[in-house]
Amino acid sequence: MACSKDGENTPSLVNLNIVPSSNADAGSSYENSKTDIRISYQSIPSDGRPYLRDAIAYLDANGDGHTDVFIATGEYLLQGEVNSILGINNGQNNFIESTTEFNDNMPPATHARKTINCDFNGDGLPDLFVFDHGFDADPFPGNQPKLIIQNSLGSFTWTKLTDQTGFHHGGAGADIDNDGDIDVFVAGFDPFFYVNDGNGTFEKVNNRFDDSMEKIFTAEMIDVDKDGFVDLILGAHEHEGDNTSIYWGSSTGSYSSDSRTIIEPVDGYGTVLDLDSEDLNGDGKRDLIVNRTGGGNSNFYQGSWIQVLRNNGDRSFSDVTTSFVDDPGSESYQWFPWIRVQDIDNDGDMDIFPDNVDVGFRLMNTGTPYWSRFID
């Protein structure tokens, strides 16, 4: 038996002896988040309801070829639940709220933090998974994840995963054991994996992660080093003692602090909101982009800082933010949950920008590589 961070006995991590995949990122929530549209979150109608809009996902929900928007909702310090929102794209990035696709039975949330889009049951249709952390204050009673399955084109049903109630502050989906289906990592105060049986049925397991981070507030699963195994990137409240880290995937199908790289912190910006990994300089190695806000100087959730780390090729990274970004952030800037790294202007290089156009800026690659801040 191994010993967890709080001294309780936990099962030893499995060793599945899996073989590497030629495309370990295939079907992952990270790959599926790379959408073809960029919108104002407020453009999704909700009858004037002031719902939270962080847990956003993009998919073609009705098969008409246009990218629609699903938002799991909630309200700050809400103790009940409110219905999520589906915005159907009319083809011109104008959205109409619809419940038809859910047979007028929308999945609810108390304080949804993230929604991911993956095909969980292997039928070729995108499904959704909602991470809902519930009431955001003591005693943090938590809530249950919601699994949303598209049973046929344009027809969805949902269930609460009642085996687990907790403060679920994010997560990610990818095939961690290379068996052809998408598993889910659930982040929060008690992180764990849901392992998929291939049909979209999940079993909670505690033998795939060694519990070496106290609390996890954001996560992605990406094959950063391109070795054929999905890596687990976890974001922390660094000012509370945890370390944002990459846990390197391997043939074991599990993740341990014995094989991880701790990401260099940024003074005063100890709250990690989002993580991306793309080749920024064309050298064939995936670099790391970390979206941060205040934490550590009595500035919790104040300001914004975009950290850029160059991949050195040996599972180490160098912080090149101030060398390559002319204006990475400020205590006066607005924080935002999700960052994207895509070629937004189709000029062949990677740009860095908030997912929500309302935030009002883009870091455009001007070719050295060097990113300059442009105001939208």
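Helices (H or I, at least four residues) and strands (E, at least two) are DSSP runs, numbered from the N terminus. The model on display is predicted: local features need pLDDT of at least 70, side-chain atom pairs count only at pLDDT 80 or more, and totals for chains, interfaces and linings use all residues. Residues are numbered from 1 along each chain as its sequence is written, and side-chain values use heavy atoms, with hydrogens and water left out.

**First stop: Asn291**

Select strand β22 (residues 287-293), where Asn291 lies. Is Asn291 buried or exposed? Asn291 is buried, with a relative accessible area of 0%; buried means under 20%, exposed over 50%, and partly exposed in between (1.4 Å probe, protein chains only). Next, display Pro337: its backbone oxygen is reached by the side chain of Asn291 at 3.4 Å. Residues up to four places away in sequence aside, Asn291 also touches others, including Thr271, Asp274, Trp305 and Trp338; contact means heavy atoms within 4.5 Å.

**Second stop: the nonpolar cores**

A nonpolar core is a set of buried Ala, Val, Leu, Ile, Met, Phe, Trp, Tyr and Cys residues joined through side-chain atoms within 4.5 Å. Select Phe185, Phe193, Phe209, Met221, Leu232, Leu234 and Tyr255, which touch the most other members of the largest core, a set of 20 residues. Two or more residues of this core come from each of β13 (168-174), β14 (183-188), β15 (192-196), β17 (218-222) and β18 (231-235). A second, separate core has 16 residues, among them Ala72, Leu86, Ile88 and Phe156.

**Third stop: pocket and cavities**

On a 1 Å grid over the protein atoms alone, a cavity is a set of points where a 1.4 Å probe fits but cannot get out, and a pocket is an open set with protein on both sides within 12 Å along at least five of seven lines; lining residues have an atom within 4 Å of a point. Grid points are joined across faces, edges and corners, and a volume is the space filled by probe spheres set on the points.

Select Asp54, His111, Arg113, Tyr301 and Trp335, the residues nearest the centre of the largest pocket, which 28 residues line. This pocket holds about 600 Å³ of space.

How large is the largest cavity? Its space is about 330 Å³. Select Ser29, Ser33, Ile56, Glu220 and Trp338, the closest to its centre of the 22 lining residues.

Finally, select Leu280, Asn281 and Trp371, which are among the residues lining the second largest cavity; its volume is about 50 Å³.

Technical notes
A polar contact is a pair of N or O atoms within 3.5 Å; within protein, one must be able to donate a hydrogen and the other to accept it, and residues adjacent in sequence count only if both atoms are side-chain atoms.
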